[in-house]
Amino acid sequence: MGARVKVACVGGGPASLYFSILMKCVDPSHEVTVYERNPAGSTYGWGVTYWDELIQNLIAADSDSARTIAEESVRWDAWVVHVHERMTVTVDHADDGYGIGRRRLLDILTERARALGVNVEFEREIAGEAEVADADLIVAGDGVNSVLRERHADHFGSQIAVGRNTYLWLGTTQVFKAFTFAYTETEHGWIWCYGYPYSGEHSTCVVECSPETWRGLGFHEANEADCLARLEKFFADILDGNPLIGRGQPDGDPHWLNFRTLTNRRWFRDNLVLMGDAAHTTHYSIGAGTALALGDAATLAKALHLGLPLPRALARYERECKSAIRGTQKAALYSARWYENLPRYIDHPPRDLITLIGQRHSPLMARIPPRLYCGLDHVTGRLAALLPRRRRR
């Protein structure tokens, strides 16, 4: 691309905002505008999670925004597995994890982008490329329901696989001390949640269950208030008297969903390029969505500044990102399937259950009996512990 380009980023999520920051960091002469259809501060969701590797990558790309994100994040290095009336186990010294409020993350990125000269326009919906026809590059960062992508779905080769289980994204005033897995057995089957802190006052709590359990418990016809009251009873042990918080929809709908895994055969068309959830989604149970979106932004910004013609730069971006996310996509698929088959694993002894949860991304998990898998893992672990001592002799 030329030295100075005009960029239109459609969608004001983390991917678009971070991309706009990186473009300005590389060359302040770029003219970059981010268009967000919603008002400022109206983002959905509670907290997002990410891991230590992302912080290191952010520092290398833009230390100013990275420092602020790190300072505003809550950190943990342990996880807790709680099975109602059976066990509570804490696994210390796990990988460093971080949580930050989605709204706070967007505010940080918006402030940094504007400080660098990015034009951020809220309450501005872009329905087609014609509305930003003067841009050299149009970035579709408008999420899994991307309007720009759907206009050319055949070209992009978009495919969506709908998950079997039903989930609900909630907040709570319970501040978890670690990443928490909680499982409760009901008369209609298992229901579980993933909880993690994202500030000193709140945590995210994602609830999931099979469609049979969801319908058997009457959630298909319950309003949000009734739904939250029942869930608070199911997870009373970990909530410690704190309430669950819904989205407060005017129609009282608790907003249960089935996760949609999006893939695209192509990621660009002429000067239109997909990024973040508009290009791909990964199941929430591995907590990788934010990191992948920011990774897309960094890869695209780098490809655009290699001096290549735009088609070659976008092709390089697509190729590198597809390669980078392939392993994560597979891990997310295996993790989602693990939860869709939870009864196969949940009744094992505590030590084995910890292994099964921690390695739910393994492609072998579904292929061999869980007890055999755990036995092999324990043997492998003991052998690995012996190897350093052998080398020292």
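Ground rules, quickly. The model is predicted, so local features need pLDDT of at least 70, side-chain atom pairs count only at pLDDT 80 or more, and totals for chains, interfaces and linings use all residues. Residues are numbered from 1 along each chain as its sequence is written, and side-chain values use heavy atoms, with hydrogens and water left out.

Let's start with the sheet. Helices (H or I, at least four residues) and strands (E, at least two) are DSSP runs, numbered from the N terminus. Two strands pair if DSSP finds at least two bridges between them. Six strands form an open sheet in the order 8-2-1-9-18-17. The pairing is mixed. Strand 8 and strand 17 (268-269) are the edges, each pairing on one side only. Strand 2, residues 31-36, runs parallel to strand 8, and four bridges join them. Within that pairing, Val-34 sits opposite Val-120 of strand 8.

Strand 12 covers residues 179-186, and it pairs with strand 13 in the antiparallel sense over seven bridges. The two form a hairpin with two residues between them. Strand 13 also pairs with strand 14, residues 203-209, again antiparallel and over seven bridges. That hairpin has five residues between its strands. Look at Cys-193 in strand 13. Ala-182 stands opposite Cys-193, and in strand 14 the bridge partner of Cys-193 is Val-207. How many of the nine residues of strand 13 (189-197) are buried? Eight are, so the strand is mostly covered; buried means under 20% relative accessible area, exposed over 50%, partly exposed in between, with a 1.4 Å probe and protein chains only.

Next, the cores. A nonpolar core is a set of buried Ala, Val, Leu, Ile, Met, Phe, Trp, Tyr and Cys residues joined through side-chain atoms within 4.5 Å. The largest one has 65 residues. Val-7, Phe-19, Leu-137, Val-139, Leu-300 and Leu-304 have the most contacts inside it. Which element gives the most to this core? Helix 10, residues 289-304, with eight residues. Take Val-139 as a case. Contact means heavy atoms within 4.5 Å. Setting aside neighbours within four places in sequence, Val-139 is in contact with Val-7, Ala-8, Cys-9, Val-10, Phe-19, Val-273, Met-275 and Leu-300. There is also a second, separate core of 29 residues. Val-81, Ala-94, Phe-181 and Tyr-373 are among its members.

In helix 1, residues 14-26, we find Ser-16. Ser-16 is buried, at 1% relative accessibility. Leaving out neighbours within four places in sequence, its contacts are Cys-9, Val-10, Gly-11, Val-34, Gly-141 and Met-275.

Helix 2 spans residues 52-61, and its buried residues are Leu-54, Ile-55 and Leu-58. Seen down the helix axis, these fall within an arc of 100 degrees, so they line one face; the arc is that of the directions from the axis to the C-beta atoms. They pack against helix 1, strand 3 (47-51), helix 3 (63-72), strand 7 (97-101) and helix 10. On the other side of helix 2, Glu-53 and Ala-60 are exposed.

On to the cysteines. How many disulfides does the structure hold? Zero, taking a disulfide as a pair of cysteine sulfur atoms within 2.5 Å. Cys-321 is in no disulfide either; its nearest cysteine sulfur is that of Cys-9, 14 Å away. Cys-9 is buried, at 0% relative accessibility. Cys-321 is buried too, at 2%.

Last item: phi angles. Most residues other than glycine have a negative phi. Glu-123 is not a glycine, yet has a positive phi of about 55 degrees. Glu-123 lies in the loop between strand 8 (119-122) and strand 9 (137-140). Its relative accessible area is 59%, so Glu-123 is exposed. His-255 also has a positive phi, about 70 degrees. The loop here runs between strand 15 (244-245) and strand 16 (260-263). Is His-255 exposed or partly exposed? Partly exposed, with a relative accessible area of 28%.
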